[in-house]
Amino acid sequence: MKHSVCRTAEMTERYNSYIEGQSEEEKKNETLLVAPQDMVAEYTLWFIKKNKFPYDGILDTHDMLVPKRVFGTYAEATPEEKAEFEEIRSSLAHTYDAMLTNFPQNRSIMGHYHVHLISWKGIEE
């Protein structure tokens with residue numbers, strides 16, 4: 001399907017099975033609240049979690065920076081959330097290769113804003 005170029009065949013199958021098993025209401029209301037085993041780092045207003053369905057075909061690392069409060073777009077973040085976001089972003093410059101956000105029409109998690117933290121395969125420091 002849509003992200004199969006970025007994911008291995010096995011991960012694409014897992015992702016598609018997960019997406020196809022959700023109702024439209026479940027997709028609309030899904031959040032990225034984290035299970036302890038998926039936690040990479042925790043901050044006051046944000047956390048970093050492992051991506052359940054990483055783009056493993058092109059990335060070595062694919063985590064997500066997620067606000068603890070559920071909201072849909074960065075514009076909805078409070079001034080405190082935005083300030084901490086900028087602090088976290090600055091601190092991650094040597095940990096990941098890039099940060100990216102999908103446009104709303106390309107998100108699989110619609111109602112919970114998140115930023116992908118990625119490290120490309122094959123890039124040496």
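**Aromatic pairs, nonpolar core and sheet**

Q: How many aromatic pairs does the structure hold, and what makes two rings a pair?
A: There are six aromatic pairs in the structure. Rings of Phe, Tyr and Trp (its six-membered ring) pair if their centres lie within 6.5 Å.

Q: Why is the pair of Trp46 and Phe85 called tilted?
A: The two rings are 5.3 Å apart, centre to centre, with 50° between their planes. Planes under 30 degrees apart count as stacked and those over 60 as edge-to-face, so the remaining range, into which this pair falls, is called tilted. Trp46 belongs to strand 2 and Phe85 to helix 3, so the pair ties together parts that are 39 residues apart in sequence. The model is predicted: local features need pLDDT of at least 70 and side-chain atom pairs count only at pLDDT 80 or more, while totals for chains, interfaces and linings use all residues. Residues are numbered from 1 along each chain as its sequence is written, and side-chain values use heavy atoms, with hydrogens and water left out.

Q: Which residues do ring pairs link into a cluster?
A: The cluster consists of Trp46, Phe71, Tyr74, Phe85 and Tyr113. Phe71 touches Trp46, Glu76, Ala77, Glu81, Gly111, His112 and Tyr113, not counting residues up to four places away in sequence; a contact requires heavy atoms within 4.5 Å.

Q: Is Leu65 buried or exposed, and how is this known?
A: Leu65 has a relative accessible area of 0%. Buried means under 20%, exposed over 50% and partly exposed in between (1.4 Å probe, protein chains only), so Leu65 is buried. Trp46 and Phe85 are both buried as well. In the protein chain, buried residues make up 36% of the 125 residues.

Q: What makes up the largest nonpolar core?
A: Twelve residues form this core: Trp46, Ile48, Leu65, Phe71, Ala77, Phe85, Ile88, Leu92, Tyr96, Tyr113, Val115 and Leu117. Strand 2 (46–50), helix 3 (79–91) and strand 5 (115–120) each give two or more residues to the core. The term denotes buried Ala, Val, Leu, Ile, Met, Phe, Trp, Tyr and Cys residues joined through side-chain atoms within 4.5 Å. Leu65, placed in strand 3 (residues 59–67), contacts Trp46, Ile48, Phe85, Ile88, Val115 and Leu117, among others. In soluble globular proteins, nonpolar side chains tend to be buried together.

Q: What are the elements of the protein chain, and how many are there?
A: The chain has three helices and five strands, in the sequence pattern α-α-β-β-β-α-β-β. Helices (H or I, at least four residues) and strands (E, at least two) are DSSP runs numbered from the N terminus.

Q: In what order do the five strands form an open sheet?
A: The order is 1-2-3-5-4, with antiparallel pairing. Strand 1 (39–42) and strand 4 (98–100) are the edge strands, since each pairs on one side only.

Q: How do we know that strand 5 pairs with strand 3 and with strand 4?
A: Two strands pair if DSSP finds at least two bridges between them. Strand 3 and strand 5 have six bridges, whereas strand 4 and strand 5 have three, so both counts meet the criterion. Leu117 in strand 5 stands opposite Asp63 and also opposite Met99. Ile118 of strand 5 is the bridge partner of Ala98.

Q: What makes strand 5 mostly covered?
A: Five of the six residues in strand 5 are buried.
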